[in-house]
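Subject: Structure for your review

Dear colleague,

Please find the structure below, together with its sequence.

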Amino acid sequence: MSRHRNVRGYNYDEDFEDDDMYGQSVDDDYCISPATANQFIYSRREKQAPKEEPLEEEEYEDDIEHMSPTISHNLDPLDQAKLYSCLDHMRTVLGEAVPDSVLTQAAIRCGFDPQRALDAVLSEDTKTAPVTRSTSEDMTSVERVSHEQLPLPQRVKPEAIAEKAKRDVSLSKLDSEVLPKVARMTVSGKKQTMGFDVPSAGENGIVNVSTRRGGSPENATLSTVSEASGKHPETPSKGLNGDELSTVSTPGRSSGKARQMINIKAELEKRQGGKPLLNLVVIGHVDAGKSTLMGHLLYLLGNVNKRTMHKYEQESKKAGKASFAFAWVLDETGEERDRGVTMDVGMTKFETNSKVVTLMDAPGHKDFIPNMITGAAQADVAVLVVDASRGEFEAGFEAGGQTREHALLVRSLGVTQLAVAVNKMDQVNWQQERFQDIASKLGNFLKQAGFKESDVFCIPTSGLSGENLATRSSVPELISWYSGPSLLEQIDSFRPPQRCIDKPFRMSVSDVFKDQGSGFCVTGKIEAGFIQTGDRILAMPPNETCTVKGITLHDEAMDWSAAGDHVSLTVTGMDIIKINVGCVFCDPKEPIRVCTRFRARILLFNIEVPITQGFPVLLHYQTVSEPATIRKLVSVLHKSSGEVLKKKPKFLSKGMNAIVEIQTQRPVSLELYKDYKELGRFMLRYVGSTIAAGVVTEIKE
């Protein structure tokens with residue numbers, strides 16, 4: 001009989017008048033309030049008689065209209081943008097102590113010059129301060145009962161003006177407490193400034209720079225001062241002095257920026273107790289014992305506590321892999337532990353007597369060479385681990401083994417210092433003949449690969465027993481013929497490279513993930529320049545800008561970071577979908593170039609198939625792996641002198657040095673080798689083997 005019910009005229013609210021409300025049981029009364037429940041309950045009466053709009057929004061709009069200087073002053077879009085920018089700077093210095101109408105009049109009267117307008121406002125306040133104070137005292141004495149009606153600016157203004165009058169005497173403490181808050185408020189002020197509409201006639205470069213980028217020199221000065229205020233309270237007290245604001249000139253602003261860079265250099269030297277940073281990658285053939293060697297070294301250094309190590313030993317015994325306990329320190333994922341093979345680059349940190357070392361454990365299996373290239377591209381020095389067991393060294397060193405390919409790869413990616421850890425020497429009873437045989441074979445090959453003999457060091461070790469790792473060995477069979485350094489001493493003696501702190505900011509993205517809170521995190525190595533929290537950075541090729549909200553270095557929050565650091569940045573203002581592994585973050589003022597065609601000088605390795613025009617390759621550049629095609633063979637060069645031996649060759653065979661033109665399927669971010677050595681190198685692979693290494697010589701759009 002449901003079709004005879006009066007469905008349209010039925011009052012559904014009667015069903016819910018009892019205690020048992022819709023969507024809320026009697027037992028759960030404490031979970032949700034009636035007001036909250038009413039938001040989600042459909043009511044026909046409320047549908048027929050809609051509620052009136054709340055008044056808060058109208059009041060807010062009225063406030064905006066009252067605050068907006070364009071209502072009372074007829075200005076063209078360019079002047080309107082200048083006025084907003086000027087007001088933003090003045091509020092940064094004065095806060096909310098002075099009404100907007102006074103600031104607006106002063107800004108228009110002084111031709112939108114924030115410094116002159118600030119001087120005018122401060123001089124007027126200094127003159128009228130006694131009068132204002134007496135009137136406010138009269139008001140408080142007469143209207144003490146209705147004190148709540150007194151406007152907030154009139155209550156705050158006398159104290160603020162009194163403190164401004166005593167600025168030369170006692171402002172340093174005040175600035176150290178108040179100014180960081182002002183600097184944070186400026187960010188929201190900028191966001192509000194972005195919101196006003198500029199007509200198309202005014203959308204030129206000047207308006208955009210002055211409103212959106214904050215590119216005016218006054219803004220640069222104030223933002224520099226406000227950023228430095230958190231660490232050096234005395235700097236803002238000098239920069240925000242009323243007398244000095246009127247006399248600041250353009251050379252003063254440039255020197256302020258130089259002072260900030262000097263501070264970064266000084267802070268970099270102070271950090272980590274004066275120890276330089278060293279990025280170390282561990283490479284070698286599969287099953288040479290790389291993870292076990294470095295895991296045992298970390299345990300001996302105290303980076304892994306005994307409780308964790310005992311847990312790894314018990315778990316590895318249960319899995320039937322008791323000898324893999326130390327490898328599990330760096331092989332953290334379940335799949336790596338099940339297969340007993342490192343698959344991704346494991347990263348950790350340890351300290352020596354004179355250096356802070358970022359350790360990257362690269363995979364040795366040939367299936368994961370792209371991951372190994374990613375790790376090697378971020379390294380300064382390398383440890384090549386070889387297996388001293390009979391037959392194992394030969395398997396890794398002969399054709400098809402990864403020892404040769406890894407050594408070639410790290411040399412092509414800019415690593416010049418190499419320590420050869422001859423591992424598993426305990427299995428051959430620490431024989432000197434075996435050690436010298438391996439050292440001589442590797443020495444000849446590494447010399448051909450481009451390593452200097454003075455930069456290659458061979459060390460006998462045992463990863464499982466821990467001999468000659470952190471301290472010199474006491475095994476009689478070894479000390480009878482070997483008196484050299486231990487592996488840790490050799491790592492400690494490596495020369496740290498020069499960092500490009502003075503160059504524009506560049507950072508290659510190696511991982512992207514969503515973190516708790518707003519925004520998302522990107523990790524990678526800063527190749528050049530430095531960065532601070534609050535900076536705007538540009539992501540290429542997506543060409544999207546974002547703001548750095550946080551910097552994490554080795555799980556520690558930092559205010560800044562410089563070239564050579566492996567950092568995790570928390571960024572906002574950008575969609576996570578648009579950023580990928582392989583993107584490069586750069587300085588918006590000096591962005592990295594993006595192209596699909598470029599010329600490069602390449603050195604061919606042992607290749608079986610000759611390279612011709614249209615040859616398909618896989619381009620490995622920093623953390624990106626991109627399909628590409630060799631579009632043009634330009635010339636063949638002499639290996640040492642670089643002279644052109646032949647123009648427009650038909651093909652390229654093994655061992656040749658040539659100039660070629662490469663085209664990628666998608667745009668990639670590249671730098672010339674002469675400008676950024678770290679960002680100008682790349683590798684070419686074909687059908688699972690590395691066929692060439694190269695440097696970028698010319699970028700074609």
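The largest nonpolar core has 74 residues, and among these Val420 and Ile491 touch the most other members. Please note that the model is a predicted one. Leaving aside residues up to four places away in sequence, Ile491 is in contact with Leu278, Leu280, Leu297, Phe350, Lys355, Val357 and Val383. There is also a second, separate core, made up of 33 residues, including Val668, Leu670, Leu672 and Leu684. As general background, nonpolar side chains tend to be buried together in soluble globular proteins.

The next feature is a sheet. Six strands form this open sheet with mixed pairing, and their order is S2-S3-S1-S4-S5-S6. Strand S2 (346-351) and strand S6 (456-460) are the edge strands, each pairing on one side only. On average, neighbouring strands of the sheet are turned by 25 degrees against each other, direction ignored. Strand S3 (residues 356-361) runs antiparallel to S2, and six bridges join the two. Opposite Val356 in S3 stands Glu351.

H5 covers residues 77-94, which makes 18 residues, and spans 25 Å from its first C-alpha to its last, close to the 26 Å expected at 1.5 Å a residue. After H5 comes Gly95, with a positive phi near 70 degrees.

Yours sincerely

Methods: Residues are numbered from 1 along each chain as its sequence is written. This is a predicted model: local features need pLDDT of at least 70, side-chain atom pairs count only at pLDDT 80 or more; totals for chains, interfaces and linings use all residues. Side-chain values use heavy atoms; hydrogens and water are left out. Two strands pair if DSSP finds at least two bridges between them. Helices (H or I, at least four residues) and strands (E, at least two) are DSSP runs, numbered from the N terminus. Axes are lines fitted to C-alpha atoms, for helices over the stretch in contact, and angles run from 0 to 180 degrees between N-to-C directions. The expected span of a helix is 1.5 Å times one less than its number of residues. A nonpolar core is a set of buried Ala, Val, Leu, Ile, Met, Phe, Trp, Tyr and Cys residues joined through side-chain atoms within 4.5 Å. Buried means under 20% relative accessible area, exposed over 50%, partly exposed in between (1.4 Å probe, protein chains only). Contact means heavy atoms within 4.5 Å.
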